[in-house]
Amino acid sequence: MRGLNSILELRVDELDQLIATAKDIIAHPENYWNRCAHKKLATLFFEPSTRTRLSFEAAMLELGGSVLGFSEAASSSASKGESVADTAKIVSCYADIIAMRHPKEGAPFVAAQAASIPVINAGDGGHNHPTQTLADLLTISRELGRLNDLTIGLCGDLKYGRTVHSLIEAMSRYPGVKFVLISPKELKIPGFIRYNVLEPHHIPYKEVSSLEEAIPELDVLYMTRIQRERFEDPWEYQRLRDTYVLDVEKMKLAKEIMCVLHPLPRVNEISVKVDADPRAAYFRQALNGKYMRMALILKLLDEAEKNPQPHLMNEMELEYDRVCHNPKCISQVEQELPQLFRCTDKAADIHRCVYCDQRG
Ligand code: CP
């Protein structure tokens, strides 16, 4: 029995199969109306959401299942100090599958270790957002007809942008993919993506600061919001918030066949005038999220039925003698969690926290 914490837990053939299922759902929705009858999805959202929570709920309802849950920590017993692990154990008594969003990095991973049902990471702090990536993959596939041989520009907050991290992890495994990383120097891609994904797999990438200069070569432009909620210093946010604005003038520099994605919500980084451009795919992307979440729920519930054994960490790989210094890591808040590290590069002696991927 497994859930989904990181997109890397799905092999490329499994990603392709999920995309195929989602396309079949789009073509023949009536074949899926009853597939999750009597099954319950719990949406445990400790952080705000519109698309992810509602598309998960719509997905389960369209599969004939039911939903329960909460949309803010204040209305759960987390506000009384209940741990993520205890919450997951309790919800396992009431539901068949969990989708969890949490501001602390690694919280859904902790829940998965404690739950007896599959747990899906619906976004953990500035770390990962694997189901957004599923939406992104289906969108690229539907808009451009392929997932290989693409130049993908990612623009904005690449440091805290969890959707960016998961998308790079996924697309790095398709042949012929190149990345153009467009950000101010303060918001460059973090080490766990650079040194665990891009460098060891020799993925071509370059880092630039100008959107205008980068846009002509792109097949996909993935815009992101500079996220106020991730900054400790509000002045730093104010200084960086308007760094990139995609407008009609910049779209004139882009290829005729390309697509603009954005996980949304947007603030002002895409002018609303761009919405009318046929290359603007971000609202179609939000709809695709529902179909891919339907495909994922079906897959995980099917697997859980066939193999109900918990999918736990391999303890042989773990090291206990280091400390995580990331204030956004769940291990910093829930003091009883053990500090756990895994060696990710023996030659360079690099060890990363199993919850948040920061170096120890
Ligand atoms: N893309 C995304 O995660 O949106 P929400 O925050 O509205 O769920």
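Which residues make a nonpolar surface patch of about 270 Å²? I looked this up in what is a predicted model. Leu-68, Ile-90 and Tyr-94 make the patch.

**Entry: Tyr-94.** I next located Tyr-94, which lies in the loop between α3 (84-91) and β3 (97-102). Its relative accessible area is 48%.

**Entry: cavity search.** A search of the whole structure gave 2 cavities of 30 Å³ or more.

**Entry: largest cavity.** I noted about 70 Å³ of space in the largest cavity. Its lining consists of Gly-156, Thr-224, Arg-225, Ile-226, Tyr-237, Arg-241, Tyr-244, Val-267, Asn-268 and Glu-269.

**Entry: second largest cavity.** For the second largest cavity I recorded about 60 Å³ of space. I listed as its lining Arg-51, Ser-55, Gln-132, Ala-135, His-262, Pro-263, Leu-264, Tyr-282, Gln-285, Ala-286, Gly-289 and Arg-293. Two or more residues of this lining come from each of α2 (51-62), α5 (130-144) and α11 (282-306). Which element gives the largest share of the lining of the second largest cavity? I found that α11 does, with 5 residues. The lining of the second largest cavity divides into 5 nonpolar, 5 polar and 2 charged residues.

Definitions and conventions: Residues are numbered from 1 along each chain as its sequence is written. This is a predicted model: local features need pLDDT of at least 70, side-chain atom pairs count only at pLDDT 80 or more; totals for chains, interfaces and linings use all residues. Side-chain values use heavy atoms; hydrogens and water are left out. Patches are made of residues with over 30% relative accessible area and no salt bridge: like charges are joined within 9 Å, nonpolar side chains (Val, Leu, Ile, Met, Phe, Trp, Tyr) within 5 Å. Accessible areas come from the Shrake-Rupley method with a 1.4 Å probe; for residues, only the protein chains shown count as cover. A salt bridge is a side-chain nitrogen of Lys or Arg within 4 Å of a carboxyl oxygen of Asp or Glu. Helices (H or I, at least four residues) and strands (E, at least two) are DSSP runs, numbered from the N terminus. Buried means under 20% relative accessible area, exposed over 50%, partly exposed in between (1.4 Å probe, protein chains only). On a 1 Å grid over the protein atoms alone, a cavity is a set of points where a 1.4 Å probe fits but cannot get out, and a pocket is an open set with protein on both sides within 12 Å along at least five of seven lines; lining residues have an atom within 4 Å of a point. Grid points are joined across faces, edges and corners, and a volume is the space filled by probe spheres set on the points. Ala, Val, Leu, Ile, Met, Phe, Trp, Tyr, Cys and Pro count as nonpolar, Asp, Glu, Lys and Arg as charged, and the others, Gly among them, as polar.
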